[in-house]
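I record here what I looked up in this structure, entry by entry.

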Amino acid sequence: MLIFETERLLCRPLSLQDYSDFEEGRVPDWSQFSNPYNHLIEGPSPLAFRIPRVKLDPSFAEIAIVLAIEKSTKEIIGSAGFHDFPNEDGMIEIGFGVVPEKQNLGFGKELLHGMWGEIVKRPDVKTLRYTVSPTNDASMHIIKSSGFALVGEQIDEEDGLELIYEMSARDYLNTQ
């Protein structure tokens with residue numbers, strides 16, 4: 001299970017019950033922390049893609065969506081997750097989001113490095129992938145400052161042009 005802490009964040013995956021609640025239109029009961037920004041409920045959310053994938057293979061829930069909970073406030077401030085398990089070449093792609101009220105404070109980079117730091121412990125992960133719109137200045141800053149290499153581009157049906165950045169799991173471990 002992908003449960004970890006960073007300097008300012010508690011990170012835990014959505015449970016199978018959380019996915020079921022979301023699928024049935026209910027907000028999960030998160031009594032140990034709050035969601036004042038309505039993350040995953042309002043605005044952009046990967047739930048439409050992750051719920052069917054978790055239903056197909058419930059073990060995917062452990063890496064599909066991981067909540068980022070600010071330690072000092074016990075508030076959900078964002079989430080990150082992997083699009084799928086590593087492919088046959090060991091490549092795994094991440095996505096993330098931080099609520100607007102907490103952007104540009106370093107939480108995105110902290111969350112991404114926490115996720116990457118945990119997932120590279122898996123022996124089947126060989127390559128970390130991050131795709132980003134070239135107009136997303138904050139995400140471009142994060143990925144460029146993290147040492148990932150630009151390896152190509154793609155057109156995403158929803159997001160348009162995306163640049164593809166990658167780093168080997170071995171190189172990532174060596175930079176930490």
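I began with strand pairing and noted that V66 stands opposite A80 in strand 4. The model is predicted, so I required pLDDT of at least 70 for local features and 80 or more for side-chain atom pairs, while totals for chains, interfaces and linings use all residues. Residues are numbered from 1 along each chain as its sequence is written, and side-chain values use heavy atoms, without hydrogens and water.

**Strand 3.** I found five bridges joining strand 3 to strand 4 (residues 75–82), running antiparallel; strands are DSSP E runs of at least two residues, numbered from the N terminus, and pairing requires at least two DSSP bridges. The two strands form a hairpin with four residues between them, and K74 in the turn has a positive phi of about 60°. Five bridges also join strand 2 (residues 9–13) to strand 3, again antiparallel, with L9 opposite E70.

I then checked burial (buried: under 20% relative accessible area, 1.4 Å probe, protein chains only). Five of the five residues of strand 3 (residues 66–70) are buried, so the strand is largely enclosed by the rest of the structure. V66, A68 and E70 point one way, L67 and I69 the other.

**H39.** I located H39 in the loop between helix 1 (16–23) and helix 2 (47–56); helices are DSSP H or I runs of at least four residues. H39 is buried, at a relative accessible area of 9%. Not counting residues up to four places away in sequence, H39 touches I76, G78, S79, G97 and V99, contact meaning heavy atoms within 4.5 Å.

Notes:
Buried < 20%, exposed > 50% of the residue type's maximum accessible area, 1.4 Å probe, protein only.
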